[in-house]
Amino acid sequence: MYIEHKINWGEYMRNLINYFYQLEPKDIHKYEHFYTFEINGENYRLQEVYDININQAYNTSISLYQIGFYTHQIMETIAKQYIVNFNKKNYVLIKYYGEYRNNIDISLIKNIQISEKYLDRNKITNNSNWGILWSKKIDYFEYQMNQFGIKYPLIRESFSYYLGLAEVGIALFNNYYEENQNLYLAHKRIKSSSSEYELYDPFNLVLDLRVRDIAEYFKSEYIENNNIFEDIKKYLDENLSNYEKIMFFIRMFYPSFYFDIYEKIIDLELEEGKIKEIIEKSSQYDLLLKEIYNYLLMSINLPYISWLRNV
């Protein structure tokens with residue numbers, strides 16, 4: 001949501017940006033978690049960051065720049081630092097080019113799925129071991145529920161269902177996971193509602209299987225539109241290996257659409273009622289998993305899962 005205020009914050013931000021970066025913006029636009037401005041046709045975004053391991057994001061950006069792949073640039077302060085702190089929050093300044101559409105599609109995601117053989121694997125975070133990452137996440141969520149669950153009746157009543165989905169996904173992943181698979185440039189989180197800007201954000205880039213982003217895209221599409229199975233079938237019929245098809249199926253078991261909202265509620269960024277729409281669609285998501293499972297069974301071997309076997 002775009003926010004404009006004709007108050008002293010504009011002059012304050014101009015002074016701050018000039019002090020740290022020796023830049024002199026005229027018009028600064030304020031959003032919820034960042035500020036934007038333009039100087040001589042170049043676009044800048046002063047962006048709040050939560051994970052301050054900024055060297056990893058910077059190395060990712062430089063590594064991609066060296067092979068001619070565009071990512072937004074992380075700018076140094078005049079003191080050769082990346083992070084500035086004000087109002088008790090950490091920010092980085094990012095320079096980016098062009099205008100970006102508000103919504104992405106699968107073709108845009110595929111266009112940036114660069115194979116790791118062109119990348120410096122040591123400079124980009126490897127997020128391909130989902131079993132470990134998911135286990136840590138749900139262990140923490142379970143701890144939170146034990147501590148705070150009584151405050152959130154909607155979450156308390158629905159949590160076990162989504163926890164169960166994640167645990168099935170972890171069990172399947174641990175059974176099928178193979179190291180030394182070819183990895184691709186991917187994102188920590190991509191949704192159908194993501195903007196093009198997020199595709200090139202160095203803080204959002206990781207290495208993973210190429211099905212990661214597509215699965216996340218479809219999961220977010222499910223919230224907006226239940227009728228996505230035909231699109232999923234088309235994707236599975238593309239040039240994917242059997243291993244990639246299985247990993248796509250496993251990725252669909254991790255209900256990121258639920259846990260993302262859950263985290264925002266626990267962090268007091270959203271009201272608990274925002275999760276009701278997702279909970280009401282749990283039976284439709286069961287059906288989607290069944291459809292994918294039975295479609296894949298026609299061409300590859302999967303373990304027998306009784307509750308998925310009949311649509």
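## How two helices pass

Is the crossing in which H7 passes H9 left-handed or right-handed? In this predicted model, H7 goes past H9 in a right-handed crossing. The two axes come within 9 Å and cross at roughly 40°. With angles under 35 degrees counting as roughly parallel and 65 to 115 as roughly perpendicular, H7 and H9 are therefore oblique to each other.

Who touches whom here? H7 brings Val-211, Arg-212, Ile-214, Ala-215, Glu-216, Phe-218 and Lys-219, and these meet Glu-244, Met-247, Phe-248 and Arg-251 in H9.

## H8 and its cover

Helix H8 runs over residues 229-236, and its buried residues are Phe-229, Ile-232, Tyr-235 and Leu-236. They span an arc of only 115° around the axis, so they sit on the same side of H8.

Now to helix H1, 13 residues covering 9-21. From first C-alpha to last, H1 reaches 18 Å, close to the 18 Å expected at 1.5 Å a residue. Buried in H1 are Trp-9, Gly-10, Met-13, Leu-16, Ile-17 and Tyr-21. Their arc around the axis is only 125°, which puts them on the same side of H1.

What do those buried residues pack against? Strands S1 (28-30), S2 (34-39), S3 (42-48), S4 (73-75), S5 (84-86) and S6 (89-96). Just after H1, Gln-22 takes a positive phi of about 55°.

Note on methods
Residues are numbered from 1 along each chain as its sequence is written. This is a predicted model: local features need pLDDT of at least 70, side-chain atom pairs count only at pLDDT 80 or more; totals for chains, interfaces and linings use all residues. Side-chain values use heavy atoms; hydrogens and water are left out. Helices (H or I, at least four residues) and strands (E, at least two) are DSSP runs, numbered from the N terminus. The expected span of a helix is 1.5 Å times one less than its number of residues. Buried means under 20% relative accessible area, exposed over 50%, partly exposed in between (1.4 Å probe, protein chains only). The arc is that of the directions from the helix axis to the C-beta atoms. Contact means heavy atoms within 4.5 Å. Axes are lines fitted to C-alpha atoms, for helices over the stretch in contact, and angles run from 0 to 180 degrees between N-to-C directions. Angles under 35 degrees count as roughly parallel, over 145 as roughly antiparallel, 65 to 115 as roughly perpendicular and the rest as oblique. A crossing is left-handed if the near helix is turned anticlockwise from the far one by less than a right angle, and right-handed if clockwise.
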